[in-house]
Amino acid sequence: MINRLFQFLESSPVNFLAVDTICKRLNDAGFRCFDASSRLESVKAGEKFYVVKNDSSIYAFVIGRQPLAEKGFHMICSHCDSPTFRIKPNAEMLREGMLSLNTEVYGGPIMSTWFDRPLSLAGRVIVDSGDVMQPETRLLNIRRPLLTIPNLAIHFNRQVNDGVKLSKQTDMLPLMAAAVTEEMKKDGVLLSLISEELNVSIPDILDFDLYLYDTTPPSTFGLQQEMISAGRLDDLSMVHASLEALMAATEEGIPEQTNVMAVFDNEETGSQTKQGAGSPFLRSMIERIIIAQEGRGDDFYRAVEQAFMISADNAHAWHPNYSSKYDPTNHPHLGLGPVIKLNASQKYATDAVSAAVFAGICRKAGVPFQYFVNHSDVAGGSTLGNILASSLPVRGVDMGNGVLAMHSVRETASVADHLYCIKAFTEFYK
């Protein structure tokens, strides 16, 4: 299973590739792809389909034996974006023969961790199709080290180990070439590279959404290989766990309730996009399913009242070097199970009822669980649970597996926790 996680991570360097990987898994499992611009005809018990939004979010549905109005739906939500650096338009910066790319920060990365890494580019490229309103989208993943963001030598920066403020504009530009010739400059180095990789002509390249990623593969480590070191564990590990659980539960037969897996984009930047948790898109899909089941009147609201959401976004594991940053009695440890997240200021969707429900699911699955509450003097982050609940007011819990170095280019997690999480999610879908 951990090898499957690693394969998923390596095939999903950015959001677009993650969704493409999920589509392939769902297709292999007999799901059909539904075009949101098409009419959703009557849906039957056991039917499996998915819909994609913006190439970067995906929503899978397994229709239960009972109509949504009678039994509701079980939904696991996660997100496929991670902090990184986006390539700007007109990105090439040629200085004394050396070529760097102009970038802007996406989300909240720990920027210093991106130095001196073998980096590459992945994302989507928009290509002329002959129809100005419907250009073609091509996915791009340059599967080799292509760039690096070199550190400044300590001889020029004696205070580097005392903490240095980094400029997003000047310090974080990736180096792409050490010697650019006139021939290379003629058509533009980046566009020429894209053209070669995708086998399209340069004039047909209209635009792109490209991001940096670390090419170092994931691995296990530790005395018993009990820990995971990888990029993008937040939140692709939760995406993978929900996908594996949906597959496992579906193989056991048709559930009573409808099961939903929602993988959103743009959680790291606030979720307020058409493909984010703040969008009405998921709500509209559920309404359309109810209509296709010949629902009437208030059936949507009846379904919502019987639904339950697991908002799966990783939690902060206890760090032995920084114990003062954690709550004295609610600090989860690596390897001790999924983490229920609570916050008095309602930054998480969890309340006592939803926490009890998820704890019960874990007990039924034979899985240990833990709690995370912020140290009262340390402000915490938020996630997509409450944002989604503003348009789909379902009972829900915010949870995740504990990780160290969240938002680093490489995070640390537990092998056991990932397996625990899949068991709990599978029980929830069953």
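Predicted model: local features only at pLDDT ≥ 70, side-chain atom pairs only at ≥ 80, totals over all residues.
The largest nonpolar core holds 54 residues, of which I22, L26, I228, L246, I310 and F425 touch the most other members. Helix 6 (residues 233-251) gives the most to this core, contributing 10 residues. Leaving aside neighbours within four places in sequence, I310 is in contact with M75, I76, C77, F358, V397, M399, F425 and F428. A second, separate core has 33 residues, including F49, M75, C77 and A303.

Turning to the cysteines, the count of disulfides is 0. The sulfur of C23 has its closest cysteine sulfur in C33, and at 6.2 Å this is too far for a bond. For C77, the closest cysteine sulfur is that of C80, 13 Å away and likewise too far for a bond. C23 is buried, at 12% relative accessibility, and C77 is buried too, at 0%.

Charged side chains form 17 salt bridges. In one of them, D55 pairs with R124, with the closest N and O atoms 2.8 Å apart. This pair links distant parts of the chain, 69 residues apart: D55 sits in the loop between strand 2 (48-53) and strand 3 (57-62), and R124 in strand 7 (residues 119-127). D55 is partly exposed, with a relative accessible area of 29%, whereas R124 is buried, at 11%. D55 and R124 also belong to a network of salt bridges with R86 and D209.

Conventions
Residues numbered from 1 in each chain as written. Heavy atoms only, no water. Core = buried A, V, L, I, M, F, W, Y, C linked by side-chain atoms within 4.5 Å. Buried < 20%, exposed > 50% of the residue type's maximum accessible area, 1.4 Å probe, protein only. Helix = DSSP H or I, 4+ residues; strand = E, 2+ residues; numbered from the N terminus. Contact = heavy atoms within 4.5 Å. Disulfide = S-S within 2.5 Å. Salt bridge = Lys/Arg side-chain N within 4 Å of Asp/Glu carboxyl O.
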